Amino acid sequence: MPEAATAAGIDAESAGWLRALAEPGAAREAALARLHGLLLPIARREVARRGPRLAITGPELDDLAHQAAADALLAITGKVGQFRGESRFTTWAYRFVIFEVSAKIGRHFWRHPVVPLGAEQWERLPDRFGFDPAREAEWRDLAAAVRRAVDTELTPRQREVFVAIVVNGVPLDTLALSLGSSRNAIYKMMFDARRKLRAALAANGYLPDDSARGS
Amino acid sequence: MNGWSALERFLRTDPRDVGCSQAMDMLHVYAELVAAGEPAEERYPGIAAHLRACGPCGEDFEGLLAAIRGEAP
């Protein structure tokens with residue numbers, strides 16, 4: 001469903017950034033240095049925010065922040081003509097830092113895979129959804145039905161993506177890199193897989209059938 | 001049962017979901033609305049649906065929101 005924003009008038013601060021970045025020579029260099037000075041703390045904050053969940057620490061984390069800030073600055077200068085004033089310039093710019101941090105973390109896990117490609121850790125599926133081991137009798141059939149539906153309802157590519165992300169816990173961005181794909185394409189594949197699996201489990205009485213609600 | 005509902009929630013898809021590309025194109029606009037306390041979800045239901053379902057995009061949204069709010073990590 002398309003959701004285009006209406007271009008708004010550009011606020012004074014954002015207009016100032018656009019002017020400064022369009023200046024020639026030293027004035028532009030000064031604006032770029034000032035912008036980098038804003039981006040680096042955002043990158044550091046973001047890697048620190050995600051840090052506790054990553055197996056990356058110390059200097060490597062700070063390197064990642066520096067690289068993200070530098071690459072975000074490059075992306076911003078290359079795309080500044082696309083800024084339409086729908087938000088503050090700095091918000092638009094911070095978005096590039098966040099994307100760079102995401103991409104670099106995805107790449108890190110691609111280079112240092114936790115789970116070998118091709119492995120299938122089905123025994124971990126119940127834990128992924130928080131099933132209580134003490135109540136296995138209640139969910140054993142459901143877990144088996146999920147696996148059966150994955151094998152029979154999904155295309156080979158959908159199955160590969162589902163197993164990697166859901167069963168093995170590979171981050172989606174890392175999988176996209178491994179398959180030479182994009183976050184959007186992998187998400188779309190997972191979206192279709194989820195829809196098919198839900199329909200199959202509902203048809204077999206494992207989940208409520210709410211097809212009347214359009215899901 | 002917790003796991004049962006987690007699985008059910010995970011498999012439930014929202015037809016309004018716009019996908020990653022469109023959500024990321026508008027993330028700065030959406031995050032500013034949220035930070036300002038505006039009804040972002042009403043204005044962009046497809047983006048809201050996507051951010052609820054997509055872990056990586058939801059993570060990027062949380063990061064951008066924290067950045068513009070100047071929150072400590």
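## Exercises on domains and helix packing

In this predicted model, the C-alpha centres of domain 1 of chain A and domain 2 of chain A lie 35 Å apart.

**Exercise 1.** Find how many residues each domain of chain A brings to the contact between domain 1 and domain 2.

*Solution.* Begin with the bounds, which the domain assignment sets at 12-111 for domain 1 and 122-213 for domain 2 of chain A. Across the contact, domain 1 of chain A supplies six residues and domain 2 of chain A supplies five residues. On the side of domain 1 that touches domain 2, three residues are nonpolar, two are polar and one is charged.

**Exercise 2.** Work out how H2(A) and H4(A) are oriented to each other.

*Solution.* Helix H2 (residues 25-50) and helix H4 (residues 89-111), both of chain A, pack at about 45° with their axes 9 Å apart. An angle between the limits of 35 and 65 degrees counts as oblique, and therefore H2(A) and H4(A) are oblique to each other. The crossing of H2(A) past H4(A) is right-handed. By class, their contact holds 12 nonpolar residues, one polar and two charged.

**Exercise 3.** Describe the packing of H4(A) with H6(B), and name residues that make the contact.

*Solution.* H4(A) packs with helix H6 (residues 55-69) of chain B at an angle of about 135°, the axes being 9 Å apart; these two helices are therefore oblique to each other. H4(A) passes H6(B) in a right-handed crossing. Among the contact residues are A:Tyr94, A:Ile98 and A:Phe99 of H4(A), together with B:Leu64 and B:Ile68 of H6(B). The contact as a whole divides into eight nonpolar, three polar and two charged residues.

Conventions
Residues numbered from 1 in each chain as written. Chains lettered and ligands numbered in written order. Predicted model: local features only at pLDDT ≥ 70, side-chain atom pairs only at ≥ 80, totals over all residues. Axes fitted to C-alpha atoms, helices over the stretch in contact; angles between N-to-C directions. Helix = DSSP H or I, 4+ residues; strand = E, 2+ residues; numbered from the N terminus. Parallel < 35°, antiparallel > 145°, perpendicular 65-115°, else oblique. Left-handed = near helix turned anticlockwise from the far one by under 90°. Nonpolar A, V, L, I, M, F, W, Y, C, P; charged D, E, K, R; others polar. Domains from an automatic or database assignment. Contact = placed C-beta atoms within 7 Å.
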